[in-house]
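This report describes selected features of a single structural model. The sequence and coordinates are shown below.

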Amino acid sequence: MEDDFAAELKHKLIVTRASRDLPTSPTAATVRNRIPASKSRPCVCFVVGSHHAVWGFRCGGARSEMEKENASAKEGSLAGHESLYRLLAKELPPHLFQEVSRVLYGCNRGSVVTPGSLGHDMIDATKEKDFDLQTFEFTADPEQMRPPRNVSVGLIQNAIVLPTTAPFLEQKRAIMDRVANLIEVAAKMGVNVLCLQEAWTMPFAFCTREKSWCEFAESAEAGDSTKLLQGLAVTHNMVIVSPILERDEAHGSTLWNTAVIIGNHGNIIGKHRKNHIPRVGDFNESTYYMEGNTGHPVFETEFGKIAVNICYGRHHPMNWQAFGMNGAEIVFNPSATVGALSEPMWPIEARNAAIANSYFVGAINRVGTEVFPREFTSGDGKPAHKDFGHFYGSSFVAAPDASCSPSLSRCRDGLLVAKLDLNLCQQLKDKWGFRLTARYEMYAEFFTEYVKHGFKPQVIRDPYLDSSSAFEK
Ligand SMILES: NC(=O)NCCC(=O)O
C-alpha cells in the first residue's frame, strides 16, 4: 500500500524530473571540488533508478531547495552526499538499506561487499591529505586442488591540482606529486597492482581542440611519468598501470592515448593504446590521436593477468570480450567522463563486462571540474563554454559474480583498495558457462558477412505491412 507521503514523493519526483536535466557544474570556478565530510548536509531524498541522480527535498536549514541543489551540483556531491552508497546508508533505515544494497550491489558468496574498517594511521592520512580511502574484499570458494590467489588491487582517482592557466610544467609536477603521495598510501595498504586514471599527468584538455596541450605528451618508455612510476614500482613491489598521452617519436612524433604497464621490478612490461576514440559531446579526442594499433594485449604479471580497456572502449562489448578471450583476470578501465553525458551508464557497463567475461573490472574516473582559459564549442548547439562539466569520480570494482563495491567519492580524490581472490574468475566460468555457450563460430560467420560490401541485414518482413488493408484487420 502506498501511503500519502510516498505518493507525494512520487508526484514531486515526476514534476522535478520533467523540468530539468542531471545536475552539472558548468560555472564552477575551482579545479578541486572537495567537500569535507563534516559539511555533508543530511536531508530526505528520493533516488531515481540506478543512475545516481538525486533530488533533495524536505531538508532542514535555511537554504532553499534550489540553492541546495545548485550548491550540490557545484561541489559535485549528490544532495550533499559523497556517493549514492553513502546517501542510502545515511538516509535509509538499516533494514531497508540492507535490502536496497543487496539488490543494487549484489552479493559475493552471500554477503554484500561493504567497506572495510581503516586503522587510525590511515584515517589520519585521509584527513591530512584530504582524500577518500575505501577498502573491500571479494572472496572465492575454497578449492581442494588450488590455494586462493589473493591480490590487492588499487584504483586512484584525482583532480588536477593547479588551474589550467598555470605553466604546464608546474601543472604536471603538481599532479605527479599528488599522485605519488597517494601511491605511497596504496603501498602502505599492501596494493600489488595499481591503476591510475586516463591521461593522469594533465588536464583532460581534448575538449578544447587547442594543440598547445600536446606538450603534455611523453614517451611511454622514457617520459617523466614512466620514470617516476618505475621508481615507485620497484620500491613498493607494485605493478602500476599508467595511462598517459603518449608521443611516439619512432613514428613521426604522433600521439596516442596509451596505458604503460610497469612491472613490479621497475621494468616496462608493455603498453596498450586506446582502441575506440570518442566523437561525442566535448570529447574531441580524435583531433589529437587515432584509434590504437596494439590489439587486445593481456599482460601476465606476478599478480595475475591484467588488461586495460581505456575509457570510451567500455561502450564496446567486443572490446571487453577480446581482453577476456586473451585470458584477462582483471581489466582496468581508466576513464575521464562527465555526469550529464555518461553517469547513467557508469555503474552498469564495467559491471556487465565483469559478469559477461568472468573477470574483475576496476573502473576509474577522474574527479572535479577543469576550467580552460578559452571557450570552445562542440557542434551540439550548446553555447560556448570553458569546461566539460563535472568529472564525477565514482571509481569502483566489479566482480565476475555480479557483486560490486560501492563507489569512491563523487567529489574528492580517492584510493580504492580491493583484495580479490582471482580463483573467482574460473569458478564463475564453471558455474555459468558463458564461454562454453558462446557460439563463437556462429558469430565469426556473421561478422565475416557483415563486413562485406554486399551485406544484407537479415530482416524478415511481415507481409501484412505490404498489404493496404494491414491496419484494417
Ligand atoms: N575519455 C573518453 O573516452 N570519454 C568519452 C566519454 C565516455 O565514454 O563517457
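The model is predicted: local features need pLDDT of at least 70, side-chain atom pairs count only at pLDDT 80 or more, and totals for chains, interfaces and linings use all residues. Residues are numbered from 1 along each chain as its sequence is written.

## Annotated domain

An unreviewed UniProt entry places the feature "domain: CN hydrolase" at residues 151-422; such annotations may be inferred rather than shown by experiment. The end C-alpha atoms of residues 151-422 are 7 Å apart, and the span is 22% helix and 31% strand. Helices (H or I, at least four residues) and strands (E, at least two) are DSSP runs, numbered from the N terminus.

Strand 11 (residues 330-335) is largely enclosed by the rest of the structure, because six of its six residues are buried. A residue is buried if 20 or more other C-beta atoms lie within 10 Å of its own, exposed if 12 or fewer, and partly exposed in between, with C-beta atoms placed from the backbone. I330, F332 and P334 point one way from strand 11, while V331, N333 and S335 point the other way.

Strand 11 pairs in the parallel sense with strand 10 (residues 304-308) over three bridges; two strands pair if DSSP finds at least two bridges between them. Here A307 stands opposite V331. Strand 11 also runs parallel to strand 12 (residues 360-365), to which six bridges join it.

Helix 4 (residues 94-105) has 12 residues and reaches 16 Å from its first C-alpha to its last, close to the 16 Å expected at 1.5 Å a residue; the expected span is 1.5 Å times one less than the number of residues. Helix 4 is hardly covered, with one buried residue among its 12 residues. G106 follows helix 4 and has a positive phi, near 75 degrees.

S219 lies in the loop between strand 5 (193-195) and helix 7 (224-236). S219 counts as partly exposed because it has 17 C-beta neighbours inside 10 Å.
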